[in-house]
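Subject: The structure we spoke about, with notes

Dear colleague,

Please find the structure below, followed by my notes on what was found in it.

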Amino acid sequence: MRDLIFVGYIALIMLMAFKRPFLFTLVYAYVDIVSPQRLSYFLLNSVPLSLILFALAFAGFALGDDKKDVRVSPRWFLLIALLAYCGYTTSFAAEPVAALDKWNWVWKALVFAAFLPLTLRTKLRMEATILTMVLCASALIVTGGIKTAAGGGGYGSLVILIDDNSGLFEGSIVSCVAITIIPLILWLARHGTIFTPDWKVRAYAACLIFACLLIPVGTQARTGIVCIAVLGILLLRYVRHRMLYLGAVALMGLAAAPFLPSSFTTRADTIKNYKADESASTRLAVWAWTWEYVQEHPLGGGFDVYRQNRIRYDMEQKSNPAQPADYDAPAVREIVDEGRAFHSSYFEMLGEQGFPGLLMWLIIHLGGVWRMEVISRLYRKRGRPDEAWVAPLATALQNSQIVYLVGSLFVGIAFQTFFYMLIALQISLDTYLARRRKEAAWRPLTSGRKLAQA
C-alpha cells in the first residue's frame, strides 16, 4: 500500500509537470531530499528515479524555457571546475571502488547545483524552490520532532521515517539541516507569496521552527547544539531590541532545561572536556592524519581516502576534569583505530580533493557569504516597496550558509545536495537581481533623443 501511495503521488505530480516543465525540477528536489525510493519496498527502488527526473527536468528546460534571461556568475564556473576536478581525482583515487561509489552521487549533486541557476530565472521560481526544500525537510523534521516530544530519541536511535544512518536520515546531518532552514522558514512566513503569510502560515512556521529545535535534542547531536548557538548569535545582528532578545533566549533556555533528557545534557557536557571523549579525540587524530597525508599527496587521495588511515592516540581516563583520578588507574589509555571517517567537511575536502579542491570549495561558500552581504546592504538602502523581499532573502541565505559552514566543521557533509541547493539559490538571486538592475538602468537611445528634442 505504501508503494502504491508513493507511486500515485509522484505520477500525479509528473503529469502536472508535463504542462509546467519547471515542476520536474521541484519533483527532483523532493526525491533527492525525502528519498521516497528508500521508503518504498519494491516499486520505486527498482527504477533509477532520480536520474529519470533529472533528465525530465533538463529536457523541460531545454525544450520549454526561454533562454534569453539565463545568466551565470563566477561561482557557477567554480562549481563546474569543482565537478571536473572531483572527476579527475576519482581517476587516481587511493580507494578506487569506494571512490566510484561516492562519485556516482556526488556528480549528480554538483550537476543539479549548476543546473538550478539556469532555470531559476524569476522570483516565483526561487520561492517555489525554497518552499519545496523547507517542506521536504519538514517531512523528516516534523516526524523527528514529534518522536522527540513524545519521549523518543537518543544518540543513534532516533528513527526518522526509516532506520537508515545515511544522508538526511543521519542524526548529525539532519540536525544541521534543521537549524539551517530556520532563516528560510522565517523568510517564507514574512515574504512568501505562494502561501500568503496569514496566521495559519505563521502558526505552522512557528511549530516547524520548534520541531527544528527539537531535532538536536532527539538526535543528541552536538553539531546541532553548536548550530543553534551560531544561529542565535546571527539573529542578534538584525533584531531591534537586542537586550529583550537576549533575555527571551535566556528565559527559554532556563525553562527548557528541566525538560531535557539527562542523556542529552550528559552528551552536551562532553563538548567542554573533549580530551576524555573518544569520539572527539578520534576526530582530532583523523584530522592530524589528514594533514600529514596531504603533505605527501597535495592533490588529495580521491573520495573515501579516509579508509586508509591508521591512528593511535592517548585519551584521558577521567571524564570530569575536577574529579580526582583513581590511585592505581593510569592517567591515559592508548587507543588504536583505523578507517575512521573525516567527521569534518573541511578535512573531507582536504583529504579527498587536496589543496586545490579545498580552495575551490572555500571560495564557493565564502563567496556566497560575501555576495549575500553585498546584496543585503545594497537593497536595504534602496528602500523600494517592490524590493522589500530581497534583503531579507539575502540575509536568510547568508545565515543558513554560515550555520552550515560552522556545523560542517564537525560532520562530513561537503557534498550534500541540500546545501548545494542553497548555493544555487544564492547564484540565482545574484544573477536575477543583476539582470533586473541592468534592465532598469537601460534606456533606448532613440527615446533619449526624442526627449531632448521635445
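Histidine 343 sits in the loop between β2 (332-338) and α15 (345-382), where helices (H or I, at least four residues) and strands (E, at least two) are DSSP runs, numbered from the N terminus. Its phi is near 55 degrees, a positive value in a residue other than glycine. Most residues other than glycine have a negative phi. With a relative accessibility of 29%, histidine 343 counts as partly exposed, given that buried means under 20% relative accessible area, exposed over 50%, and partly exposed in between (1.4 Å probe, protein chains only).

Before going further, please keep in mind that this is a predicted model, in which local features need pLDDT of at least 70 and side-chain atom pairs count only at pLDDT 80 or more, while totals for chains, interfaces and linings use all residues. Residues are numbered from 1 along each chain as its sequence is written, and side-chain values use heavy atoms, with hydrogens and water left out.

Aspartate 304 also has a positive phi, near 60 degrees, and is a residue other than glycine. Aspartate 304 belongs to the loop between α14 (278-296) and β1 (310-316), and with a relative accessible area of 12% it is buried.

As for the chain as a whole, the protein has 18 helices and 2 strands, and 49% of its 454 residues count as buried. If one takes the contacts (heavy atoms within 4.5 Å) between residues at least 6 apart in sequence, 79% of them join residues at least 24 apart.

Helix α8 (residues 171-180) is mostly covered, with 10 of its 10 residues buried; among them are Gly171, Ile173, Cys176 and Thr180. What covers these buried residues includes α7 (123-149), α9 (182-191), α10 (199-219), α11 (222-236), α16 (390-407) and α17 (417-441). The N-terminal end of α8 is capped by glutamate 170, which has a side-chain oxygen 3.0 Å from the backbone nitrogen of serine 172; this is a polar contact, that is, a pair of N or O atoms within 3.5 Å, where within protein one must be able to donate a hydrogen and the other to accept it, and residues adjacent in sequence count only if both atoms are side-chain atoms.

Threonine 223, in helix α11, is buried with a relative accessible area of 4%, and, leaving aside its neighbours within four places in sequence, threonine 223 is in contact with Ser172, Cys176, Gly407, Phe410 and Val411. Glutamate 127, in helix α7, counts as buried at 2% relative accessibility, and its side chain reaches the backbone nitrogen of threonine 193 at 2.6 Å.

How do the helices pack? Two packed helices are described by the angle between their axes and the distance between the axes. Here the axes are lines fitted to C-alpha atoms, for helices over the stretch in contact, and angles run from 0 to 180 degrees between N-to-C directions.

The axes of α5 (residues 74-91) and α6 (residues 96-119) come within 10 Å and cross at roughly 165 degrees. That makes α5 roughly antiparallel to α6, because angles under 35 degrees count as roughly parallel, over 145 as roughly antiparallel, 65 to 115 as roughly perpendicular and the rest as oblique. The residues of this contact divide into 15 nonpolar, 2 polar and no charged, where Ala, Val, Leu, Ile, Met, Phe, Trp, Tyr, Cys and Pro count as nonpolar, Asp, Glu, Lys and Arg as charged, and the others, Gly among them, as polar.

The axes of α2 (residues 22-34) and α7, in turn, come within 9 Å and cross at roughly 25 degrees, and the two helices are therefore roughly parallel to each other. The contact of α2 with α7 has 12 nonpolar, 2 polar and 1 charged residues.

With best wishes
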